[in-house]
There are 2 protein chains.
Amino acid sequence: MATHPKEIKVAGRTLWTVLIGRPLRSSEASKEQINPFEGLSALSLDALTSVAYGPEAIIVVLALAGAGALHLILPITLAIIVLLAILVVSYRQVIDAYPGGGGAYAVSRANLGANASLVAGAALIVDYTLTVAVSIAAGVASLTSAFPNLSPYTVAICLGILALITVLNLRGLGDSARAFLLPTFAFIIGLLAVIAVGLIHPLGLHQAQPGHSLLSAHGLQVVSVLLILKAFSAGCSALTGVEAIANGVPLFKEPRAKRAKRTELMLGLVLGAMLLGLAVLAHRWHIGPRSQETVLSQIMGMAVGRHWAYYIVSLTITVVLALAANTSFGGLPILGSLLARDNYLPHLFGLRGDRQVFNSGIWVLASLSALLLIAVGGNTIEMIPLFAIGVFAGFTLSQTGLVVHWWRERPPKWHYRAVINGTGAIVTGAATIIFLISKFTQGAWIVVIAVPLFIVLFKRINAYYRSVTAAIGIDKAPPAPEGRDTLVIVPIVNVSKLTSYAISEALSLGQQVIAVSVIIDNADANQQRESTLSEEWEKWNPGVPLQLLHTDYSSIVAPICEFIDEQRAADDRQIVVLIPVLVPSKLRYRILHNQLDLILSRDLRKRTDVVVARVQMPFPPMPPRPDQRSVRQKKSSKR
Amino acid sequence: MATHPKEIKVAGRTLWTVLIGRPLRSSEASKEQINPFEGLSALSLDALTSVAYGPEAIIVVLALAGAGALHLILPITLAIIVLLAILVVSYRQVIDAYPGGGGAYAVSRANLGANASLVAGAALIVDYTLTVAVSIAAGVASLTSAFPNLSPYTVAICLGILALITVLNLRGLGDSARAFLLPTFAFIIGLLAVIAVGLIHPLGLHQAQPGHSLLSAHGLQVVSVLLILKAFSAGCSALTGVEAIANGVPLFKEPRAKRAKRTELMLGLVLGAMLLGLAVLAHRWHIGPRSQETVLSQIMGMAVGRHWAYYIVSLTITVVLALAANTSFGGLPILGSLLARDNYLPHLFGLRGDRQVFNSGIWVLASLSALLLIAVGGNTIEMIPLFAIGVFAGFTLSQTGLVVHWWRERPPKWHYRAVINGTGAIVTGAATIIFLISKFTQGAWIVVIAVPLFIVLFKRINAYYRSVTAAIGIDKAPPAPEGRDTLVIVPIVNVSKLTSYAISEALSLGQQVIAVSVIIDNADANQQRESTLSEEWEKWNPGVPLQLLHTDYSSIVAPICEFIDEQRAADDRQIVVLIPVLVPSKLRYRILHNQLDLILSRDLRKRTDVVVARVQMPFPPMPPRPDQRSVRQKKSSKR
């Protein structure tokens, strides 16, 4: 019988186990540490793949001012690359200062106080959710650019990929990081090669392009400072994900900080090169936004022609965009567990599943992203304004937190560090504000509403947990426990082995046992049952009284509750309701049994003044184990 | 505290209670008896409203042979009226012979044996389900004939009406019977008046009719005997529901049989008059089937014109067709409870809800009908072949059963009675077979598959119940119950009032109590928790040992199960796992608590070798009742 529960568990979960793998030891989880190249695949895809939507976002804004404004792509991209450099330097410092990882929530909790950390936490949750949705939607957009006849199925494909990533993450992040190496480097090398070909000797400049240009001849707008700022902040979406490495320092092999900093530098160089190359090509070829094709796809098509190289790189982009969503799945569940530890989210989020991952966080992230993908119909462009605000609020808070950190700690060269982080804070803060203002009516208001709502939720949960802790005195010596006499009430329907089994267990539990059975008056069948039951009980004579409870109603719970109340009023004994349950070996037979259990368990769950217990008799009865039987025999021989 | 569980129950179910009404006493249910007029509204609408689809079914078949065959409507309807007369006489005899009610299942169980009764039971279930679907679909078809722009919403309207009827029936049949009186008599008088106007002085003969005629000029078919038989059996669907009164005799006031027989006679006369009148008009005006308008609607339109009278009667027909579905809701749940009593269906079907109705049966009927309505897209004509087969199989079995009954009992004039029922059995049996053969490929095969499948299901359930009864020896004196020593295992997470509360309850239950807590190795937070917990436990010193269970995995269930196995191997004590649960006063706070309960309850449910109990501490704690406190004080002063 020792292996019995596990066997049942395995049988019932076979498919699931195949999907998410066998349970892992905690020690196994901690061995899953990564080197810088694996770090690039596990934690940098979010940032690298933003080349698929960052330049596009700039061009869409510029196109509002007509074809003449498109040349601004180059200076704007250069400004973004400068900001990227500041962020990379800053986050290399974050890695030095917080080698334990943590991200904006941890940095601002340590330096800026609880309220700032809640803002960071809420912004990060919004950011993580949007990252998943934007990444997947961008991946699918890239796919439907290459295969336009797939575009009616955009949302379905998005949800399919989301489901896949969710299962992958329920398996765990570590294993998959290594699996991602190949597509990651195929993407980096492939896209850099395509850009190089485009710069040196474009092959597909005169091929026809599908879809019609979104570049309107009408509605020209003056190229104003506001437009440039809008385009700049839109393009900043290409910087999202730069923070992920600093959040995940503990995932690296020792020396952690050194390896993480190396990864951050690699990320900065590769991303900078890609952005610059794409901007030069877009500028050179006057790329405008098109209805059915992404900017990246247009550039690739012109660079290498619509041949095998184009399709291979397109497919790679689809794959890595989908994998980029994975970065969020590594981040939000850990953030959720930190918030749960600090009593800002239900403690459920702090519970690890069999694969050592925080299942609740993964499910919540998957559900929120799915809702979002459905709501916007899988359209990336609509989500980008929402997306970058959370990221940049996080940037601003962690940079500001670092300035406070340097000021407090004052390590060597702290002035220099504070200046870099201060600059970062100011630029990212400015970008956040520009974003908020310029995109407010286009969806950014959702973030403005969502972040405070999350903060209110965190605070209410925290207040509730504090009131509970105070009331039940966690970690304070409570009153000494004291036993009482126990009355066990056993609801029965007939005289049978199940009844006998239940009453045996009841006799083991309490000083007094009463069997009860509900007789519904005015039902002929029941009145006959009453006399049969009484007779049989007397004949059986189990040494336990049988109390027949009469009722006019059809509910069998009400008379049992009334009986409990009577007993409760009589004295101060503990009352246990022991519900006999027959457990058939096959699941499908359950429906044939235990209506009593079904009804009583549900309704008695609301009574806090009784202990509700289920005594389960297997059917067919399981033979006792050999060693068990011998123990039993030894015992009885002693008696 | 006495009213506490009920209060919670009411709060949680307020909306539901408003919908289905307060719980009823069994004595109240038995007072809800009806007189013959109410019987007509409660039990005869099914039969009466079949005028909405019976004549239509005949005309659809005849139209296959071209316009020339339409004149056969008259002789075919006359034959159906003769069969109606036989059935009415027969069922008046069934009422005499089985004043306790019961229908085909009870009659054949008493006279033809278990197997025949299972055929009747299966056929009735199919019949009842189809009655609901056909009635509602016909009602909506009548509505969309009058208001053609509603026709795209056919299925949605069908499901809405089904939901309404379901709720009405969860309230109970009795009350509603009286509420149905008005629409029933509005329908009877209205339709008879329309027919009379049509016969004497039609008002709308030359008005345009919507939709195009389904009468094809091509594909003419020879008017063969087979065609006439097909048309006859199709028209027999107008006789469905004639049995309902005999099934529901106990619903009538005393003298039951006399009143029920009077109702049956009224039903026969009214239905016969309607069928005859409609056939004469259809014949006179050469009515053919049309795509968007029912035959009944065409006749009404021609008789009174499309003015207020047409719309009022159309609306009445919609209402009573929907109410006709109610007859099935009165029938199937009672049949289900009989089958459950005889161990052919899960005992759940024998359980009455708060309103004295068999809830499970109502839900199953509603679900099956909804599936059917969706599957056929709310199209009545497609369902009629399926429909009548079940009804006529039931007719045949109950008529045959009556013949056996008369032969066994031999009351005065039994020869005469047996001849009538025998004729009924032969004609309805023949109609069943014609139906089966002629409509086999058009859907009747579904019934041919469904009925045996139901029978197999009944038999398997019965065999299983018998094996359980044999194995656990229901109603045989089982072994005498015997108490054992009890070990109570209390999984805890920290030292708190909840822990203290749970251990107090545990001390009341068993001779030995062990508190256990799972420590996950390799998790820093947990190792700190381990030392804190040990220290606090020692400081508190509750007189109960604390066992820390170490695990490498993240599951907290596995180590607890292993600990149970160890204890189980050591001796033969009963093992109780007592799970401490905090019950917050507001439902929405539940998510914040009791992850332990969630996981343990689910996984320990599979272990039949332990008793799983929940000790529930309310939060905030409820003050003890005054009388309770005094009891407690008395007790403690005694000590």
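**Exercise 1. Find what share of the contacts in chain A, between residues at least 6 apart in sequence, join residues at least 24 apart.**

Keep in mind that this is a predicted model. Start with the contacts in chain A between residues at least 6 apart in sequence; of these, 82% join residues at least 24 apart. Next, look at what chain A is built from: 26 helices and five strands. Finally, check burial: chain A has 639 residues, and 52% of them are buried.

**Exercise 2. Work out what span helix H20 of chain A should have, and compare it with the distance between its end C-alpha atoms.**

Step one: H20(A) covers residues 414-438, which is 25 residues. Step two: the expected span is 1.5 Å times one less than the number of residues, so H20(A) should span 36 Å. Step three: the end C-alpha atoms of H20(A) sit 35 Å apart, so the two values agree.

Now for burial. A residue needs 20 or more other C-beta atoms within 10 Å to count as buried. In H20(A), the residues that pass include A:Arg417, A:Asn421, A:Gly424, A:Val427 and A:Phe435.

**Exercise 3. Decide how helices H7 and H13 of chain B lie relative to each other: parallel or oblique?**

First, get the geometry: H7(B), residues 73-97, and H13(B), residues 225-235, pack at about 50°, and their axes are 10 Å apart. Then apply the cut-offs: under 35 degrees is roughly parallel, and 65 to 115 is roughly perpendicular. H7(B) and H13(B) are therefore oblique to each other. The crossing of H7(B) past H13(B) is right-handed.

Last, list who meets whom. H7(B) brings B:Ile76, B:Thr77, B:Ala79 and B:Ile80, while H13(B) brings B:Ile228, B:Ala231, B:Phe232 and B:Gly235. Sorted by class, that contact has six nonpolar, two polar and no charged residues.

**Exercise 4. Classify the packing of helices H15 and H16 of chain B from their angle.**

H15(B) spans residues 256-284 and H16(B) residues 295-304; the angle is about 75°, with axes 10 Å apart. Angles of 65 to 115 degrees count as roughly perpendicular, so H15(B) and H16(B) are roughly perpendicular to each other. Here B:Leu278, B:Leu281 and B:Ala282 of H15(B) meet B:Val295, B:Ile299 and B:Ala303 of H16(B). By class, the contact comes out as six nonpolar, no polar and no charged residues.

Stay in H15(B) for one more residue, B:Ala257. It has 16 C-beta neighbours inside 10 Å, so B:Ala257 counts as partly exposed. Skip its neighbours within four places in sequence, and B:Ala257 is in contact with B:Ile95, B:Asp96, B:Pro99 and B:Val249. B:Ala257 and B:Ala97 are 160 residues apart in sequence, yet their C-alpha atoms are 9.3 Å apart.

**Exercise 5. Now take H12 and H17 of chain A: which hand does their crossing have?**

H12(A), residues 181-200, and H17(A), residues 308-341, pack at about 135°, with axes 9 Å apart. Roughly antiparallel needs over 145 degrees, so H12(A) and H17(A) are oblique to each other. The crossing of H12(A) and H17(A) is left-handed.

The residues that meet include A:Pro183, A:Phe187 and A:Leu191 in H12(A), and A:Ile312, A:Thr316 and A:Leu323 in H17(A).

**Exercise 6. Is A:His286 buried or exposed? Then try B:Arg410 and B:Val456.**

A:His286 sits in the loop between helices H15 and H16 of chain A, and its phi is near 50°, a positive value in a residue other than glycine. Count 12 other C-beta atoms within 10 Å, and A:His286 is exposed.

B:Arg410 is in the loop between H19 and H20 of chain B. It also isn't a glycine, and B:Arg410 has a positive phi of about 50°. With 11 C-beta neighbours inside 10 Å, B:Arg410 counts as exposed.

B:Val456 lies in helix H21 of chain B. Having 12 C-beta neighbours inside 10 Å, B:Val456 counts as exposed. B:Val456 is 338 residues from B:Leu118 in sequence, with 9.4 Å between their C-alpha atoms.

Key:
Residues are numbered from 1 along each chain as its sequence is written. Chains are lettered from A and ligands numbered from 1 in the order in which they are written. This is a predicted model: local features need pLDDT of at least 70, side-chain atom pairs count only at pLDDT 80 or more; totals for chains, interfaces and linings use all residues. Helices (H or I, at least four residues) and strands (E, at least two) are DSSP runs, numbered from the N terminus. Axes are lines fitted to C-alpha atoms, for helices over the stretch in contact, and angles run from 0 to 180 degrees between N-to-C directions. A crossing is left-handed if the near helix is turned anticlockwise from the far one by less than a right angle, and right-handed if clockwise. Two residues are in contact if their C-beta atoms, placed from the backbone, lie within 7 Å. Ala, Val, Leu, Ile, Met, Phe, Trp, Tyr, Cys and Pro count as nonpolar, Asp, Glu, Lys and Arg as charged, and the others, Gly among them, as polar.
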